[in-house]
Amino acid sequence: MNTKKLTRYIGIAMVLGVLVGYLCNKTAQDAKHAADIASYFSLITDIFLRMIKMIIAPLVFATLVSGLASMSDANAVGRIGLRAMVWFISASAISLLLGLMLVNIFQPGAHMNLAIPDAGITSGLKTGDFTLKAFIAHVFPKSIAEAMANNEILQILVFSLFFGAALSFIRSKGHNTIYNMIDELAKIMFRVTDYVMRFAPLGVFAAMAAAITTEGLGVLVSYGKLIGEFYLGLALLWAILFGVGYLFLGKSTRRLGGLIKEPTLLAFSTASSESAYPKTIEALERFGVSKRISGFVLPLGYSFNLDGSMMYQSFAVLFIAQAYNIEMSFSQQLTLLLVLMVTSKGMAGVARASLVVVAATLPMFHLPEAGLLLIMGIDQFFDMGRTATNVVGNSLATAVIAKLEGDQGDQNNQDEQAAVASPAAQMNVAEARDNA
């Protein structure tokens, strides 16, 4: 499907989803009936996300291994990894600081004046296993089959590093058979991705309809101030990220923004980074980023560079403290920032990851875990914004690192690079030329 058409269809699907969800919410007899109606919409969304998940593991493996094996300089892997981590840590610090600053300025929970709840009340989220030690052990797969079955991106990344390095060594001896097979696998997965993405508007429609059917438009009004302030923070974060990106990419930053519009919109509407991953890879290749860079940096970013999620965590913790009139000093907030810098790196592969990180952090600062119940009901709307921001942050990081590596094609050769990059991108270029 033509990229512009797909973006337009996704936008239309979002609007229709809100309208249909509103009608279903109004006609539902009670909350249980609304939930039953929403379950049918959720079924469609679940099917779409299942199709997305079925292509993530082979796509990450094929693009990463193919990219690593094509690197003749072994030092390049370490250099790219170091540059990526410097960007990720810097972006994480900026996201957390901005969240802390804005929540102190807006004071969104200051006037709620809630009584501290009974210590026995909890959010119901499982946080016991969410420790730094457990995360470090979890990074290394005990079975690549299990890692792929569970879509553990970080574990797939670790295995792919070893496999790619070994394949590069074998290839240097003149054996190219396996490399050619994996390179062809990457092209096949891009074609499969194109097929799956044709169902994106339907998945987006169902996701929006389900959310509005259960929560109604009233939830946007009731929590409008909190949601509005959070999205203002995300807008400022986007401005900072694109501003830093402009320092490296110049005027082409605007073009990159246009290319990632589709995966960002998809991530926003489905609240799923996985749904946007294939289209993000394609958009970066159309921008001129080679697969050896995008295939390495982007999966790494999905584990270590979640800018929107990190801003949400600092925002949520201080909001809960304010709601219960619990004062947090500057030193406590600085400690909170450092704690979130570490614990948030274990988010990959954890269900409802940002909420789990917040729930695990609250007891460290003697804040009531039950406070998370204040925002769990509208977490879907926060999740949409933070997921879209994660896609933007990772796209900019990948493009900037490609620029630093001298691996970004110039403006005049974008169509040719897109045609070589993937079958899906090649089809878009051909359609554009036909339309012209």
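Leucine 404 sits in helix H19 (residues 379–404), where a helix is a DSSP run of H or I with at least four residues, numbered from the N terminus. This is a predicted model, so local features need pLDDT of at least 70 and side-chain atom pairs count only at pLDDT 80 or more, while totals for chains, interfaces and linings use all residues. Residues are numbered from 1 along each chain as its sequence is written, and side-chain values use heavy atoms, with hydrogens and water left out.

- Is leucine 404 buried, partly exposed or exposed? Leucine 404 counts as partly exposed because its relative accessibility is 40%; buried means under 20% relative accessible area, exposed means over 50%, and partly exposed is in between (1.4 Å probe, protein chains only).
- Leave out residues up to four places away in sequence, and leucine 404 touches Arg83 and Phe248; a contact here means heavy atoms within 4.5 Å.
- Leucine 404 and arginine 83 are 321 residues apart along the chain, yet their C-alpha atoms are separated by 8.8 Å.
- Helix H10 (residues 224–249) packs against H19 at an angle of about 5 degrees, with the axes 10 Å apart. Axes are lines fitted to C-alpha atoms, for helices over the stretch in contact, and angles run from 0 to 180 degrees between N-to-C directions.
- That angle is why H10 and H19 are called roughly parallel: the label covers angles under 35 degrees, while over 145 is roughly antiparallel, 65 to 115 is roughly perpendicular and the rest is oblique.
- The contact of H10 with H19 has 20 nonpolar, four polar and two charged residues. Ala, Val, Leu, Ile, Met, Phe, Trp, Tyr, Cys and Pro count as nonpolar, Asp, Glu, Lys and Arg as charged, and the others, Gly among them, as polar.

**Helices H2 and H13**

- Helix H2 (residues 31–69) and helix H13 (residues 273–287) pack at about 50 degrees, and their axes are 9 Å apart.
- H2 and H13 are therefore oblique to each other.
- On the H2 side, the residues that meet H13 include Phe48, Leu49, Ile52 and Lys53; on the H13 side you'll find Glu274, Ser275, Tyr277 and Pro278.
- Sorted by class, the residues of this H2 and H13 contact are nine nonpolar, two polar and two charged.

- Threonine 213 belongs to helix H8 (residues 200–215) and counts as buried because its relative accessibility is 0%.
- Setting aside neighbours within four places in sequence, threonine 213 is in contact with Gly21, Cys24, Asn25, Ala34, Ile37, Ala38 and Phe41.

**Helix H6**

- Among the buried residues of H6 are Ile153, Leu154, Gly164 and Ser168.
- Glycine 174 follows H6 and has a positive phi, near 95 degrees.

**Loop residues with a positive phi**

- Most residues other than glycine have a negative phi.
- Glutamine 107 has a positive phi near 50 degrees. Glutamine 107 lies in the loop between helix H3 (74–106) and helix H4 (132–139), and is partly exposed with a relative accessible area of 30%.
- Asparagine 325 isn't a glycine either, but its phi is positive at about 55 degrees. Asparagine 325 is in the loop between helix H15 (307–323) and helix H16 (330–343), and counts as partly exposed at 49% relative accessibility.

Technical notes. Helices (H or I, at least four residues) and strands (E, at least two) are DSSP runs, numbered from the N terminus.
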